[in-house]
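Please take a moment with the sequence and the picture before I start.

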Amino acid sequence: MSDSAPDTSATSALRDRWSEALLAARGGPGPDPLPYADALLARWAEPQRRYHTTAHLAQVLDRVDTLAGHAADPDLVRLAVWFHDAVYRPDRSENEERSAALAERALPEAGVPDAGTAEVARLVRLTVTHDPADGDTNGEVLCDADLAILASAPKEYAAYAAQVREEYGFVPDDAFTEGRAAVLRQLLELPRLFRTPHGAAEWEARARQNLTTELELLTH
């Protein structure tokens, strides 16, 4: 683990959450879950991360707990959360695909049936677009949970935006501004950011306000 690893109590809580989701997903005997948790936590604590850290992992898991009643299989969604940014290099574009491939290698070894593994990998790949099909309740929960940071309080949102800039510290200011503004406009042009009833009711308006504010600060 790197120096950016969470404190022991936070690590222990995350390890417990992994174990609960894995045991529920595999529904039978298998190897000790904890080495898999520790391998993933080591990835989430890599030094190039500023936003995509164990704190983000815990926050998205919390949001899945909030939305769990909407999902067809919330434990598979939770496993997808663990893998969705397990491979993260801000200078590369294939992070989601590599993360999904990691899930396809690790989960069968950890005892998850083929169908569950395939669903987790599908969900991880869905985070490329955050555009689940209508009726894809697992996808709706994962995407809403991942995007919920957009609806945070202004101070927390500003910290998130600053952390994203730090992750792309190798990009010159003008290029970052252009790229980030394009992402913000793309999000604002979506007919809806959130697909679950809770997300639509509780997060949509605040997220759009935050995105609009960030775009204005970037471009004026």
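Let me begin with a definition: a residue is called buried when its relative accessible area is under 20%, exposed when it is over 50%, and partly exposed in between, using a 1.4 Å probe and protein chains only. What we have here is a predicted model, in which local features need pLDDT of at least 70 and side-chain atom pairs count only at pLDDT 80 or more, while totals for chains, interfaces and linings use all residues. Residues are numbered from 1 along each chain as its sequence is written, and side-chain values use heavy atoms, with hydrogens and water left out.

With that definition in hand, consider histidine 130, which sits in the loop between H6 and H7; the helix names come from DSSP runs, numbered from the N terminus, where helices are H or I of at least four residues and strands are E of at least two. Is histidine 130 buried or exposed? Its relative accessibility is 18%, and therefore histidine 130 counts as buried. Its phi is near 50 degrees, which is a positive value in a residue other than glycine.

Now to helix H5, residues 95-109. The expected span of a helix is 1.5 Å times one less than its number of residues, so the 15 residues of H5 should span 21 Å, and the end C-alpha atoms, 22 Å apart, agree with that. Its buried residues are Asn95, Ser99, Ala100, Leu102, Ala103, Ala106 and Leu107. They lie on the same side of H5, because they cover an arc of only 155 degrees around the axis, the arc being that of the directions from the helix axis to the C-beta atoms. Turned away from that buried side is a face with the exposed residues Arg105 and Glu109. The buried residues of H5 pack against helices H1 (8-26), H2 (34-44), H4 (74-84) and H6 (114-126), where contact means heavy atoms within 4.5 Å. Just after H5 comes glycine 111, with a positive phi of about 100 degrees.

Two packed helices are described by the angle between their axes and the distance between the axes. Axes are lines fitted to C-alpha atoms, for helices over the stretch in contact, and angles run from 0 to 180 degrees between N-to-C directions. Angles under 35 degrees count as roughly parallel, over 145 as roughly antiparallel, 65 to 115 as roughly perpendicular, and the rest as oblique.

How do H3 (residues 54-67) and H4 cross, and at what angle? Their axes come within 10 Å and cross at roughly 165 degrees, and H3 and H4 are therefore roughly antiparallel to each other. The residues in this contact include Leu57 and Val60 of H3, and Val77 and Trp82 of H4.

H4 and H6 have axes that come within 9 Å and cross at roughly 50 degrees, which makes H4 oblique to H6. Among the residues that meet here are Leu76 and Phe83 in H4, and Val120 and Leu123 in H6.

Finally, H4 and H7 (residues 137-147) pack at an angle of about 45 degrees, with axes 10 Å apart, and are therefore oblique to each other. Val77, Ala80, Val81 and His84 of H4 make this contact with Asn138, Val141, Leu142 and Asp146 of H7.
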